[in-house]
Amino acid sequence: MAQRSFLSDILRRVAGSGRIARTRQNDGESDLVTLCHNLMDDQGEASGLITAKRILEHYSGLSAENKALFFKGIVDAFGVDDRALQVAIDAWSPGDVNAARTLHFAAEPRSQELIRCINRVPGATARLVSMRADLLGIMGKSEKLRGLDEDFQHLFGSWFNRGFLEIHRIDWSTPAEVLEKVIAYEAVHEIAGWDDLRQRVGDPDRRLFGFFHPAMPSEPLIFVEVALTEDIPGAIAPILSRERTRIEPERARTAVFYSISNCQKGLHGISFGNFLIKQVVVELQRELPELSTFVTLSPVPALRKWAAGALQGDDPLLSGADRKTLAALEEGARPEPDVAVRLAARYLTRAKRPRGTAYDPVAHFHLGNGAVLHRVHAEADLSPRGLSNSWGVMVNYLYDGDQIETHHQAYATERSIAASPKVRALAGD
């Protein structure tokens with residue numbers, strides 16, 4: 001650890017030095033592309049670090065418009081080397097493993113190597129993640145920039161491999177810098193300041209775990225909030241309430257994953273949640289062997305959106321009675337609880353994307369991880385967001401250790417949705 005710190009300090013000093021720098025460029029996006037050419041052509045490690053650092057510094061000062069022009073300039077200037085690729089194609093023949101590898105590397109866009117070179121600067125990984133977040137916000141449906149985004153995603157998929165991730169419990173002794181980010185990144189149930197955060201990470205029947213990467217030690221990648229309870233909950237308010245009755249961890253028999261937040265927009269498409277839940281189960285079982293039930297209390301974020309679309313179309317999942325009920329709802333009103341849970345059960349078990357996966361993104365995530373759709377609850381989240389997304393409906397996904405792999409495989413290969421008999425009955429199956 002001391003050796004790594006020593007080497008990192010040397011790299012920072014070299015990258016921060018201006019003594020080997022070339023003629024200073026302007027801050028425009030075209031000059032940045034020139035700096036990128038210089039970096040790719042530079043054979044010196046020290047001077048390359050300085051150039052890469054200047055690229056990152058100059059990029060951070062660009063306007064959104066100039067960032068878009070910079071990304072387009074990278075696409076134009078750092079594509080595939082057509083000549084090298086043609087040579088590799090001509091040299092390839094079936095069964096020639098070495099020639100196939102040469103062809104593979106020749107087909108790689110030079111933009112990937114550019115990103116690798118920039119990443120040599122200490123602290124660059126976090127800045128490249130931020131750069132991709134900018135790219136995602138800019139590119140829209142631009143096919144020209146989509147390839148550059150795929151380069152970032154390909155490299156991040158390797159750099160943020162599960163083997164590099166570190167799981168840490170976040171508690172009240174965690175540095176304030178990290179705790180502040182937990183407040184900022186919470187994406188499901190807003191944390192209303194430090195007092196609210198303290199009960200989520202400091203109370204004896206609460207746990208919060210996050211994945212971190214060594215290159216971004218103070219930046220959580222994803223975190224999950226856990227409530228230790230005696231029974232499976234059917235509403236979020238009792239879990240979040242400051243006036244709730246606390247229990248000693250040893251009395252808990254159920255661990256409830258009630259909020260999972262992805263923290264880095266620039267890592268969109270890089271999945272951590274499945275690994276995190278499985279690792280948290282291991283950590284909790286090690287600490288509290290008496291825990292026997294692991295469930296979520298999850299939102300149903302697309303329920304009302306689906307119902308509105310189904311009502312306008314001819315979706316067979318809506319019966320005539322359902323259509324009449326929904327059409328009669330006044331703006332801001334919600335259906336009766338029994339109607340809401342019946343619609344939610346049918347939606348979660350039958351509404352599918354074109355490729356056959358569950359329409360609801362949260363359902364897709366948990367079903368893909370091998371969970372079972374266990375229970376559906378009406379009036380479980382009466383917050384403005386909960387009512388707007390799902391009329392307040394929430395669900396429990398059950399992680400049954402003996403069946404996780406079986407359910408995961410069935411969903412992955414057959415698009416089979418695992419649901420309890422009670423949920424099946426609600427759905428009318």
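Analyst: A helix in this predicted model is a DSSP run of H or I with at least four residues, and helices are numbered from the N terminus. With that rule, helix 7 gives the most to the lining of the largest cavity, namely four residues.

User: Which residues line the largest cavity, and which elements give two or more of them?

Analyst: The lining consists of F70, F71, I74, S111, L114, I115, I118, M131, L148 and F152. Helix 4 (64–77), helix 7 (110–118) and helix 9 (143–159) each give two or more residues.

User: How many cavities of 30 Å³ or more does the structure hold, and what is the volume of the largest cavity?

Analyst: The structure holds one cavity of 30 Å³ or more. The volume of the largest cavity is about 70 Å³.

User: What is the make-up of the lining of the largest cavity by residue class?

Analyst: Nine of the lining residues are nonpolar, one is polar and none is charged.

User: Why is helix 17 described as oblique to helix 19?

Analyst: Helix 17 (residues 361–368) packs against helix 19 (residues 404–414) at an angle of about 125°, and their axes are 8 Å apart. Roughly perpendicular covers 65 to 115 degrees and roughly antiparallel begins over 145, so an angle between these ranges counts as oblique. Helix 17 is therefore oblique to helix 19.

User: Which residues make the contact between helix 17 and helix 19?

Analyst: Helix 17 contributes H364, L367 and G368, while helix 19 contributes H407, H408 and Y411. By class, two residues of this contact are nonpolar, four are polar and none is charged. Gly is counted among the polar residues and Tyr among the nonpolar ones.

User: Why is T245 placed in its accessibility class, and where does T245 lie?

Analyst: T245 has a relative accessible area of 69%. The cut-off for exposed is over 50%, so T245 is exposed. T245 lies in the loop between helix 12 (237–240) and strand 4 (254–262). T245 and D205 are 40 residues apart in sequence, with their C-alpha atoms 10.0 Å apart in space.

User: What share of the protein's residues counts as buried?

Analyst: Of the 429 residues, 45% count as buried, a term that requires under 20% relative accessible area. The protein comes to 20 helices and eight strands.

How values were computed. Residues numbered from 1 in each chain as written. Predicted model: local features only at pLDDT ≥ 70, side-chain atom pairs only at ≥ 80, totals over all residues. Heavy atoms only, no water. Axes fitted to C-alpha atoms, helices over the stretch in contact; angles between N-to-C directions. Parallel < 35°, antiparallel > 145°, perpendicular 65-115°, else oblique. Contact = heavy atoms within 4.5 Å. 1 Å grid on protein atoms, 1.4 Å probe; cavity = no way out; pocket = protein on both sides within 12 Å on 5 of 7 lines; lining within 4 Å. Points joined across faces, edges and corners; volume = space filled by probe spheres on them. Buried < 20%, exposed > 50% of the residue type's maximum accessible area, 1.4 Å probe, protein only.
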